[in-house]
Amino acid sequence: MKLVSAFAAVALYQAVALALPAEPLEKRSTVQGFDISHYQGTVNFKDAYSSGARFVIIKATEGTSYIDSSFSSHYNGATAAGLIRGGYHFAHPDSSSGTTQANYFIAHGGGWSGDGITLPGMLDIEYNPSGATCYGLSKTAMVAWIQDFVNTYHSKTTRYPMIYSTNDWWTTCTGNSAAFHTTCPLVLARYSTAGPGTIPGSWPFQTIWQNKDSYTYGGDSDIFNGALTNLKKLATG
């Protein structure tokens, strides 16, 4: 990763508000984590845990024709080290529907279980690596595509997926849509030492901040916006 309609109040608390700041952000606890894919041939899960990391997000799928070759070994390694872990899906909105890609993701490692150590899956929706920034979709069509993915994932797993993006991409390609801020936890990418910056889409805060494109023990650095108890609540639902 290089980078719906109105919902009932209970969905808000289960999906996003579990990480709601109980005090000003600058005084809050945070939890170190990281995200990885097959690009990281060697990941030191044990030392990451020893250094304080408590979660990892692992690439599972891309589009509907790609399964990350390292997903299983990464997932097993993270589990053995005691890390809370989950999968992510790199979206290709120009190749098939959100429903089709959500089903593909769930079928190949992106599901969720209430075992206390599995994060809800993450939709990585960002810059097109090989074409038009917004994949040739209008803002309205892009929001509809994401909605299809989100609704399908929720219907199959009972959890809303996390959404990974940047402020720039979200504003450019969805028109800064606020359709998901009460349901889907935000994973915001911004490589900076000055904080996560502008939060898009009416999300009140980021649940996870991808703050660096490198991490000592493998992958990119992620910071969970809350204490370990909040992270565990995100995993348990």
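Start at Asp222 and select Asp35 with it: the Asp222 side chain reaches the backbone nitrogen of Asp35 at 3.2 Å. That is a polar contact, meaning a pair of N or O atoms within 3.5 Å; within protein, one must be able to donate a hydrogen and the other to accept it, and residues adjacent in sequence count only if both atoms are side-chain atoms.

This is a predicted model, in which local features need pLDDT of at least 70, side-chain atom pairs count only at pLDDT 80 or more, and totals for chains, interfaces and linings use all residues. Residues are numbered from 1 along each chain as its sequence is written, and side-chain values use heavy atoms, with hydrogens and water left out.

**Around Asp222**

Asp222 sits in strand E9 (residues 220-224). Helices (H or I, at least four residues) and strands (E, at least two) are DSSP runs, numbered from the N terminus. Is Asp222 buried or exposed? Asp222 is buried, at a relative accessible area of 1%. Buried means under 20% relative accessible area, exposed over 50%, and partly exposed in between (1.4 Å probe, protein chains only).

Now show the contacts of Asp222, leaving out residues up to four places away in sequence. They include Val31, Gln32, Gly33, Phe34 and Asp35. Phe55, Ile57, Ile208 and Trp209 are also among them. Contact means heavy atoms within 4.5 Å.

**Strand E7: Leu188**

Go to Leu188, in strand E7. Leu188 has a relative accessible area of 1%, so it is buried. Beyond four places in sequence, Leu188 is in contact with residues including Ser165, Thr166, Asn167, Pro196 and Ile199. Ile208, Trp209 and Gln210 are among its contacts too. Pick out Asn167: its C-alpha is 7.5 Å from that of Leu188, and the two are 21 residues apart along the chain.

Select Ser177, in the loop between helix H6 (167-174) and strand E7 (186-189). With a relative accessible area of 12%, Ser177 is buried. A polar atom of the Ser177 side chain lies 3.1 Å from the backbone nitrogen of Ala179. Not counting residues up to four places away in sequence, Ser177 touches Val143, Trp170 and Gly201.

In this loop between H6 and E7, select Asn176. Its phi is near 60 degrees, a positive value in a residue other than glycine. Most residues other than glycine have a negative phi. Asn176 counts as partly exposed, at 35% relative accessibility.

**H5 against H6**

Show helices H5 and H6 together. Their axes come within 7 Å and cross at roughly 115 degrees. Axes are lines fitted to C-alpha atoms, for helices over the stretch in contact, and angles run from 0 to 180 degrees between N-to-C directions. H5 and H6 are therefore roughly perpendicular to each other. Angles under 35 degrees count as roughly parallel, over 145 as roughly antiparallel, 65 to 115 as roughly perpendicular and the rest as oblique.

Which residues make the contact? From H5, select Lys139, Met142, Val143 and Ile146; from H6, select Trp169, Trp170, Thr171, Thr172, Cys173 and Thr174. The set divides into 6 nonpolar, 3 polar and 1 charged. Here Ala, Val, Leu, Ile, Met, Phe, Trp, Tyr, Cys and Pro count as nonpolar, Asp, Glu, Lys and Arg as charged, and the others, Gly among them, as polar.

**H4 against H5**

Helix H4 (residues 98-110) and helix H5 (residues 139-157) have axes that come within 7 Å and cross at roughly 40 degrees. That makes H4 oblique to H5. On the H4 side, the contact residues include Gly98, Ala102, Phe105 and Ile106. On the H5 side, Trp145, Phe149 and Tyr153 are among them. This contact divides into 6 nonpolar, 7 polar and 2 charged residues.

Zoom in on Phe105, in helix H4. Phe105 is buried, with a relative accessible area of 0%. Setting aside residues up to four places away in sequence, Phe105 touches residues including Ala60, Tyr88, His89, Met122, Phe149 and Tyr153.

**Two exposed stops**

Select Thr158, in the loop between H5 and strand E6 (162-165). Thr158 has a phi near 75 degrees, a positive value in a residue other than glycine. At 54% relative accessibility, Thr158 counts as exposed.

Finish at Ala80, in helix H3 (residues 71-81). Ala80 is exposed, with a relative accessible area of 72%.
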